[in-house]
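Here is a short note for a colleague who is new to this structure. Please read the points with the model open beside you.

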Amino acid sequence: MTTKRFSVGYALLLKKQKSFIQDSLVNLAKERGIDLIKIDTDKPLVDQGPFDCVLHKLHGEEWREQLREFLVYNSNAIVVDFPDAIERLRNRISMLDVVSEIEAVEDNEAATFGIPKQFVIYEPEKLKDAASCGEGLKFPVIAKPLVADGSAKSHKMLLIFSNEGFDKLKSPTVVQEFVNHGGVIFKVYVVGKYVKCVKRKSLPDIAEEKLDGLRGSLSFSQVSNLTSDDRNDDEYYKMLDLEDVAMPPISLITNIACGLRKAMKLHLFNFDVIRDTKVGNRYLVIDINYFPGYAKMPGYETVLTDFFWDVLNKKEARLFNCKNESMKLVDDNGGYCEEARCHNGSSG
Ligand SMILES: O=P(O)(O)O[C@@H]1[C@@H](OP(=O)(O)O)[C@H](OP(=O)(O)O)[C@H](O)[C@H](OP(=O)(O)O)[C@H]1OP(=O)(O)O
Ligand SMILES: Nc1ncnc2c1ncn2[C@@H]1O[C@H](COP(=O)(O)OP(=O)(O)O)[C@@H](O)[C@H]1O
Ligand SMILES: [Mg+2]
Ligand SMILES: [Mg+2]
C-alpha cells in the first residue's frame, strides 16, 4: 500500500534557509511523508509545485499577489501564514497593540501582563522636548526603530538617559520605558498549538542611584543573540546564572501565547517577555517576531514536523475559533510537559 506524500514549499531569504532548512528537519519530515521543497522566487509561484502547503517569510505586494493567484489555482492548498496577518508585526506599535486584546485569566500566582509604556516619534528631527511627548515616561527609555523589517537597522536600539540622547534619532522611533528585569528575557516560541519558553540574557538592570550620573545614550543591537564569547568578556554576564532564574507561571505564558495566536491569526512566531523586578509578578511583552530562529529551539525538528503533519492533515485549527482548545508546552526533549487550556475566547 502506498501512503500519500505531501509537499511543503518554502519561500525564505537565504539566511533563513540556512538556519531553518537543516538536514535533520528535512530527513525527519521525509520519514513522515512530507517533502520540503524550495520555491524559486525568480519564477511565478503558480508554475511551481504542486504544493500542499506554502511556508514563507517574504512580503510586499508582488509576493502577496503571487500567493493570491496560487490559491486561486490550488484551492485546497494551505498558506502559512497570510501576509496581512504578518504585516502587523513589521511595526513595533501595531505589534504590541494586540496584547491588549488578550483576556487575562485567573492565575494562582496572581501574575499580570501588559506592555511597557511607549509612544512614537514620527519626525525626530523636529523634536524639541522629548519629555513632553511621553507623558509619565521616566528616563531611562529605549528608542526602537518603528519599522521591524528584519534589517540590521531595524534591530539597532538606543538606551537613552537624558534629553540629549534624543539628538541622534533620525527615522520614526518608538520610545519605550526601560523596565528593570533582572537581566533575563523569556523567549516564547509558538508553533501552531505548541509553546516553548526559554531564558536568554538581556540588558542589565540600571540602579536608580546611578541614573543621575548618566547622560546621552548608548547604542546596542540583538543583545539576546550575543555569542557566549561576547558574554565571557563581560563581568556582568559572568555573574548572571540563568539556571537560578525562575520561569514565569506556565498558565500565564500559555494564555498569552494562545491569545496572541488567535488575535493575530498566526501560527509561527515568538515573543519576548520580561518580568518587572519592581513589581515581581508583572510580565511585559516587549517584542513579537514572525517566523523566528526556530533552529535554536530544542527539538525544533520534531515540533515543526508535527506542525506540518497537523496542518497537512487538517488537524491544525486554522480558523482560531477554538475556545476550548489546549496549548501544549514543549519540554526540553521535545515532549509535552504541560497541557494548558486556552482561555482566550475574545476573537474568533
Ligand atoms: O536568525 P536568528 O536565528 O537569530 O533569528 C532571529 C530572531 O532571533 P530569535 O529566534 O528570537 O532568537 C529574531 O528575534 P529578536 O527580534 O532578536 O527577538 C528575529 O525574529 C529575527 O527576524 P527578523 O530579523 O526580525 O526578521 C530572526 O532572524 P531570521 O532568522 O528571520 O533572519
Ligand atoms: N522595555 C524594555 N525594558 C528593558 N529592556 C528592554 C526593553 N525592550 C527591549 N529591551 C531589551 O532590548 C532587547 C531588544 O529589544 P526588542 O524589542 O526585543 O528588539 P529586537 O526586535 O531587536 O529583538 C531585548 O531583548 C531586551 O534585552
Ligand atoms: Mg527581541
Ligand atoms: Mg524582534
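**Notes on the model**

1. Start with the record. An unreviewed UniProt entry lists Asp287 and Asn289 under "binding site". Keep in mind that the model is predicted.

2. Aspartate 287 sits in strand β14. Is it buried or exposed? Aspartate 287 has 20 other C-beta atoms within 10 Å, and a residue with 20 or more counts as buried, so Asp287 is buried. Setting aside neighbours within four places in sequence, aspartate 287 is in contact with Phe271 and Asp272.

3. Now the other listed position. Asparagine 289 also belongs to strand β14. Its count is 17 C-beta neighbours inside 10 Å, so asparagine 289 is classed as partly exposed. Not counting residues up to four places away in sequence, asparagine 289 touches Leu89, Phe269 and Asn270.

4. Look next at ligand 2. How many residues surround ligand 2? There are 20, and the closest are Pro116, His155, Ser202, Ile286 and Asp287. The elements giving two or more residues to this shell are β7 (141-145), β13 (268-275) and β14 (282-290). By class, the shell around ligand 2 holds 11 nonpolar, 6 polar and 3 charged residues.

5. Which domains supply that shell? Domain 2 and domain 3 each give at least three residues to the shell around ligand 2.

6. The domain layout is worth checking. Domain 1 covers 6-80. Domain 2 is made of 85-115 + 179-204 + 240-348. Domain 3 is made of 117-178 + 205-221. Between the last two, 12 residues of domain 2 are in contact with 11 residues of domain 3. On the domain 2 side, the touching residues are 5 nonpolar, 5 polar and 2 charged.

7. One helix deserves a look. Helix α11 (residues 300-312) has 13 residues, which at 1.5 Å a residue should span 18 Å. The end C-alpha atoms of α11 are 18 Å apart, so the two agree. Its buried residues are Tyr300, Val303, Leu304, Thr305, Asp306, Phe307, Phe308, Val311 and Leu312. Just after α11, lysine 314 adopts a positive phi of about 55°.

8. Last, the whole protein. It has 11 helices and 16 strands. Buried residues make up 32% of its 348 residues. Of the contacts between residues at least 6 apart in sequence, 73% join residues at least 24 apart.

Methods:
Residues numbered from 1 in each chain as written. Chains lettered and ligands numbered in written order. Predicted model: local features only at pLDDT ≥ 70, side-chain atom pairs only at ≥ 80, totals over all residues. Domains from an automatic or database assignment. Contact = placed C-beta atoms within 7 Å. Nonpolar A, V, L, I, M, F, W, Y, C, P; charged D, E, K, R; others polar. Helix = DSSP H or I, 4+ residues; strand = E, 2+ residues; numbered from the N terminus. Expected span 1.5 Å × (residues − 1). Buried ≥ 20, exposed ≤ 12 C-beta atoms within 10 Å, placed from the backbone. Near = placed C-beta within 6 Å. UniProt positions renumbered as here; feature names shortened; annotations may be inferred.
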